[in-house]
Structures are given as structure tokens and as C-alpha cells.
Amino acid sequence: MSENPPMYAVPPRRRRRIPPLRRGVYLLPNLFTSAGLFSGFYSIICTLRREYWLAAAMILVAQLCDALDGRIARLTRSTSSFGIQYDSLADLVAFGVAPGILVYQWALRPWGRWGWLAASLYVTCGALRLARFNVQIASVEKRYFVGLPIPAAAGVIAATVLLHYRLFHWLGGEGETGKHITMLLLIFAVAGLMVSEIRYYSFKEIRFHHRHPFPVLLGLILLIYLAVGAPEVVLFLGIASYAVSGPLAAIARRLRGRPPEPAGAKTPAVRAVVLDKPGQGR
């Protein structure tokens, strides 16, 4: 008998096939996403230079780019998985990291360790919100968001900074009293709202190209006049009203005795997850 053991043929393992990438990307929506990312990064640069007013303004510019990229992608039928992932990464920088650094440098540094922990909590909650959207995108209900959208949370911070400078300009000086406590409470509030299950109206069903009642036009014209006269005040009131509309609506539903329902779920078996902004969808 042979001393060598018998040899058996081992069947080769089937390699997992990776789907090929599509050639090229859509330019127009991704250019707006890149502009929002650039605005968020430049906001960080302005914060490091102690140009806090300009840093807050660049966050609002990033909001404008963020609102346009998704809508342009839908209008031009250029939605893609690449656009969704790229948009989420840009949002984390423009509406997570940039506002977190801004609020820490501007108002939370006197709190020491608790200051940067509060700012990092805001960034973490923003990242969790974006991750929740990416992994459960199929369960989105278009009429409502679940939790405060991260662009709106960043807008609350930016509008508060702009309002602070405008108020103390009217009062004859910049001033520092009160902003340290106010911003500490505010950063905890918006961080909690982002990861909550409170419903927010998405405004995605509004069609500006359709016919509307005449008073709607008059109201929009009046709003434009007020925004030109006192932009910081109107901006803050608008964003703050949206941020508190969700909790107020939830309290009103409880007072009317209506049972809480999972907001935005398409089916009862799927928990609701929300789009992070009205322009999301690519």
C-alpha cells in the first residue's frame, strides 16, 4: 500500500459577483451637492477665524443648495444611489460638523468639557439620523418627516447666531450675556428632536406651479417684504416655528385623545423613517 494519503479534488468556491458600476454620474444635482459641501466646509473655516456671522450665513447657503439638489434631480430624472450617498455625506459636514463647531466656538467653550460634549452630541444625533434614513429608505412616507430634519436643526443654530448679532446691533453692542446658557439648552433640544419620532410636515405635496387661492399670493408677498426689512428676525421665527410645530402637534393630538400612530410608515410592519429634507429623493 502507498504511504501517501489519497488526494481529493476540492471544488472551487464561487466568488461573489459584484454588480458593475454605471459609467459616469449626473452632473447638475451633484454640483449643487458639492456646492453645499463647500459651503459647510467654508463655514468651519469662518468659525476658526472667529467670523461667526459669516459662518452662520454659509450654513444657510448650504441649506439652499441642499433644497435644490434633490428637486433638480427629480425634475431632470437624474436620481441615483450615488447621489443619495453623496448627499448624506455632504449633509453630515454642512449640517452636522459645521454647526457643531460653530456653536462650540461661539457659545459653549466656557462650559469646558460639557461644552464640547454637548456639541459632539449634536453631531452624533445628526449622523444617526442620516444613517437611519439610508438603511430604511424604503419605509419613507412622503407627507411627514419623523424627527426634526438635520438641515432644519442646523438652521435653528445658524438663525439663532444671526439673530443674536442683529439684536445686539440694535441695542448698540454685541454683548455676551445669556448666550452660553441659551445655546447649551438649544443644542440639547435640537439633538433630541432629530432622533425623536415626532412628526414634521414635509411640504413635499405643495406644488407652486399649480393654481392657489389669491390670499396665498398676498401672504407670500407680505412675507417677502418682512424678510427684506428684518431678514434675521423673519428667518429665526420661521425656522423656530417649524422646529416647535412637531411637539405642539403631538401634544394637540394627545389632548384630543387620538392614539399615537407610527408616522410615515407605508405598512404596519415597517417602522417609520423619514427623509432628512424636502429635497431628498435621489
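1. Start with the α3–α6 contact. Val-103, Trp-106, Ala-107 and Leu-108 of helix α3 touch Lys-179, His-180, Met-183, Leu-184 and Ile-187 of helix α6. Contact here means heavy atoms within 4.5 Å. Helices are DSSP runs (H or I, at least four residues), numbered from the N terminus. By class, the contact splits into seven nonpolar residues, one polar and one charged. Nonpolar covers Ala, Val, Leu, Ile, Met, Phe, Trp, Tyr, Cys and Pro; charged covers Asp, Glu, Lys and Arg; the others, Gly among them, are polar.

2. On provenance: this is a predicted model, where local features need pLDDT of at least 70, side-chain atom pairs count only at pLDDT 80 or more, and totals for chains, interfaces and linings use all residues. Numbering runs from 1 along each chain as its sequence is written, and side-chain values use heavy atoms, with hydrogens and water left out.

3. Helix α3 spans residues 81–108 and packs on α6 at about 150°, with the axes 9 Å apart. The axes are lines fitted to C-alpha atoms over the stretch in contact, and angles run from 0 to 180 degrees between N-to-C directions. The pair is therefore roughly antiparallel (over 145 degrees).

4. Helix α6 also packs on α4. Here α4 is residues 113–135 and α6 is residues 179–194; the angle is about 15° and the axes lie 9 Å apart. So α4 and α6 run roughly parallel (under 35 degrees). Their crossing is left-handed: the near helix is turned anticlockwise from the far one by less than a right angle.

5. The class count is ten nonpolar, one polar and two charged.

6. Look at Leu-121 in α4. Beyond its neighbours within four places in sequence, Leu-121 contacts Phe-188 and Ala-191. Leu-121 and Ala-191 sit 70 residues apart in sequence, yet 6.9 Å apart C-alpha to C-alpha. Leu-121 is partly exposed, at 34% relative accessibility. The scale: buried is under 20% relative accessible area, exposed is over 50%, partly exposed is in between (1.4 Å probe, protein chains only).

Definitions and conventions:
Helix = DSSP H or I, 4+ residues; strand = E, 2+ residues; numbered from the N terminus. Parallel < 35°, antiparallel > 145°, perpendicular 65-115°, else oblique.
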